[in-house]
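Subject: Structure for your review

Dear colleague,

Please find below the structure I am handing over to you. My notes on it follow.

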Amino acid sequence: MAQPVLQVDFLAGADGSDTWHTVTAAKFNFEDFKQRPDMYIKLLRQCAESTLSEGTEFKRLCYQDDDGDWCTLNEGMFEDALRFAGEVDAGYHSLQLRIIAEKQSAPKKPTPPQASSSSSSSSCAVTAPCLGDKIEVLLQTQDPSGKWVEVDGFTVDAGDALNMQDAFMAELERRAAAVHPSGCQSLKYVDEDGDWCILCKASLADAFCLSHPVEQRLDLRRLSLRLHPKPAGAAPAAAPAATPPAREAEAGRHEDVLLRELNKFAVDVDMRKLVPKLAAAALQIVVDSQLPELFPLLDMLVALRDGDLKAESVPTMLPQAVATVLEVPAEIRKELLSRFRVAAETAVDEVRAEQAQEKPAPVEVHVNVICDGCEMSPLIGARYKSLEHGDYDLCQACYDKEQRDSSRWVRVRSEVLGDVVGSYYGAGVEKQRVHWNIACDGCGMDPIRGSRFKALDINNYDLCETCMERSAAILEQAGHRFEEVAEN
C-alpha cells in the first residue's frame, strides 16, 4: 500500500497583498510528518529560507484556517495546520504556506557550503529532501597530505534510508570498514554553522536535511561524510577478556550500584521530570566524548530525553546501558561517570526547585498493580480493569488511546493517595518474585507477582498482597487464616 504524501506549496508575495504565487514545493511522508513536528518545522523553514533573495530576512510561515485567516505556523499550531491539509487525491494531501519576510539592512550570512571535492557550489539552495528523492552519499578520507578526498560513494532513496535506519547505518559501517580495515571511529557531516557533527540514527534525518541538491538534477541530492578511522596501533594492549560468567557478575554489580544511586536521587523528586534531564546530560557526554563504544546508547537516550520512553522503563534498560559502558576503558569510564554525577546532581537541584514552585494535587496510587499498556509500576492515577481478560489493567493515558466499550471495563479506585514527589526503582522487574501457575483468587492476577498469601483453612485459595490487604474488610474472609508463601 502506498504511503500517504503531503505536498507543501510555499507562496511568496507582499504581506497584506492578495497576490501570492508558488515559488517552491516539497513532498513528505504524511504519517511521519504528523509524528515529528519539531523536525519538520525546521525543514519547512529551511525550504522557505532557500527561496529568499539576498538582503531578505525570513520572519515566519503562515497557514490558512477555516475562517480564511492566515495563522503563524509553529510547534503549538502544527496539529491545527494539518487539519487544513486538504486531500486532493487518494493518499495525496496538499498544504499551502505563505512565506513572510522583510528586507534587512545588512546582507544575510551565507550558508556554509558542503565540504566536498565535487560538491555543488555554495549558491545552491538548501531545501528539504522530498519523498522519493535520491541521496548520493560520498565517503571522504584524508590522504597523506591531509587533504580530504572521496574514496567511495553510493545512492539511496531518502525515504527508504529513514524508514530502515539500521540497514542504512550497517551499510555505511561495511563500506567504512572496506576503506579502513582498522575500523571507523566516527562518520561526520557538516551542519548549517559549518560544524562537523557525528552521524548516527538519531542525527540521520538532520544530515539528510543538510544534503545539497545536485545541479541539473531535481531528484538527486548529495551528502558528504568524513570518515575518521581508529588510530592504527594507538590502542593500549587489551586486558585478558573476562569470561562470560565473570562479565555477567560484573555487570550485575554495576546494575545494583546504579539502582541504588537512582534511588538516592529519587528522594523527594519526581522521576518523571528527572529522567529526561538525566538522559539529556548523558546524551551530551556521549556526543562530547565521541567514543564509538557509546554510540549504541544514543537512540535510547534521545527517546528518554524526548519522552518517547518513560521513567518507569529505566530499570529494564539498565542491562543494555551497563554492558555498553563496560566496553569503555576503565580510566575513561571513571572520568565520564564523574562528569555524569555532577550533571545529575545539578538536574536533581533543578527538579526540586521546579517542584517547590508547584503544589501537586494528590493522586491515586495502585500498589502492586502494573499498567499492561505502558508498564507503569505502580499504576498511578485512574485505573481501568478489564472485565473480559484476567489481570489486565490500564492507566488513564493507555485507556484513552482508543475507543473502548465502557461496559467491558470497571474504574477501580484506590484509597492510597500520593503527591508523586518521590519515586523508587526496586531491584528490577526481572528480580521480582513470580509464583508461576498460581493465580490470585481475589483479582485474578496470573501468575501472582510479589508476595503470595495462602489460605490455611480454604483449599487451593491464594491472594496477592493487594487483595490480602483488603481481605480483612471482606466479611466472608475476615475469619480465615493466611500465611505468606516465600516460594512455590
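At what angle do helix α8 and helix α9 pack, and how far apart are their axes? In this predicted model, α8 (residues 271-289) and α9 (residues 298-306) pack at about 145°, with 8 Å between their axes. The crossing of α8 past α9 is left-handed. On the α8 side, the residues that meet α9 are Val 275, Pro 276, Ala 279, Ala 280, Ala 282, Leu 283, Val 286 and Val 287. Their counterparts in α9 are Leu 298, Leu 301, Val 302, Leu 304 and Arg 305. By class, this contact comprises 12 nonpolar residues, no polar ones and 1 charged one.

With 19 residues, α8 reaches 26 Å from its first C-alpha to its last, close to the 27 Å expected at 1.5 Å a residue. Its buried residues are Met 271, Leu 274, Val 275, Leu 278, Ala 279, Ala 281, Ala 282, Leu 283, Ile 285 and Val 286. Just after α8, Gln 290 adopts a positive phi of about 55°.

Is Lys 188 buried or exposed? Lys 188 counts as buried because its relative accessible area is 11%, and the cut-off for that class is under 20%.

For the chain as a whole, the totals are as follows. The protein chain has 13 helices and 23 strands. Of its 488 residues, 41% count as buried. Among contacts with a separation of 6 or more, 60% join residues 24 or more positions apart. The chain exposes about 27,300 Å², of which carbon and sulfur atoms supply 51%.

The buried residues of α2 are Met 39, Tyr 40, Leu 43, Leu 44, Gln 46, Cys 47 and Ala 48. Asp 206 belongs to helix α6 (residues 204-209). With a relative accessible area of 21%, Asp 206 is partly exposed. Apart from residues up to four places away in sequence, Asp 206 touches Lys 42 and Tyr 189.

Two further residues may be of use to you. Glu 102 is located in strand β6 (residues 92-103) and is partly exposed at 41% relative accessibility. Its C-alpha is separated by 5.4 Å from that of Glu 57, 45 residues apart along the chain. Excluding residues up to four places away in sequence, Glu 102 touches Gly 55, Thr 56, Glu 57 and Lys 59. Thr 324, in helix α10 (residues 314-325), is buried, with a relative accessible area of 9%. Under the same exclusion of residues up to four places away, Thr 324 touches Glu 293, Leu 294, Pro 296 and Leu 297.

Finally, I draw your attention to backbone angles in two loops. Which loop holds Asp 391? Asp 391 is found between β15 (383-386) and β16 (393-395). Asp 391 has a positive phi of about 50° although it is not a glycine, and at 16% relative accessible area it is buried. Asn 460 is placed in the loop between β21 (452-455) and β22 (462-464). Its phi is likewise positive, near 50°, in a residue other than glycine. Asn 460, however, counts as exposed, because its relative accessibility is 57% and the exposed class begins over 50%.

Yours sincerely

Terms used. Residues numbered from 1 in each chain as written. Predicted model: local features only at pLDDT ≥ 70, side-chain atom pairs only at ≥ 80, totals over all residues. Heavy atoms only, no water. Buried < 20%, exposed > 50% of the residue type's maximum accessible area, 1.4 Å probe, protein only. Helix = DSSP H or I, 4+ residues; strand = E, 2+ residues; numbered from the N terminus. Contact = heavy atoms within 4.5 Å. Axes fitted to C-alpha atoms, helices over the stretch in contact; angles between N-to-C directions. Left-handed = near helix turned anticlockwise from the far one by under 90°. Nonpolar A, V, L, I, M, F, W, Y, C, P; charged D, E, K, R; others polar. Areas by Shrake-Rupley, 256 points an atom, 1.4 Å probe, with all protein chains shown as cover. Expected span 1.5 Å × (residues − 1).
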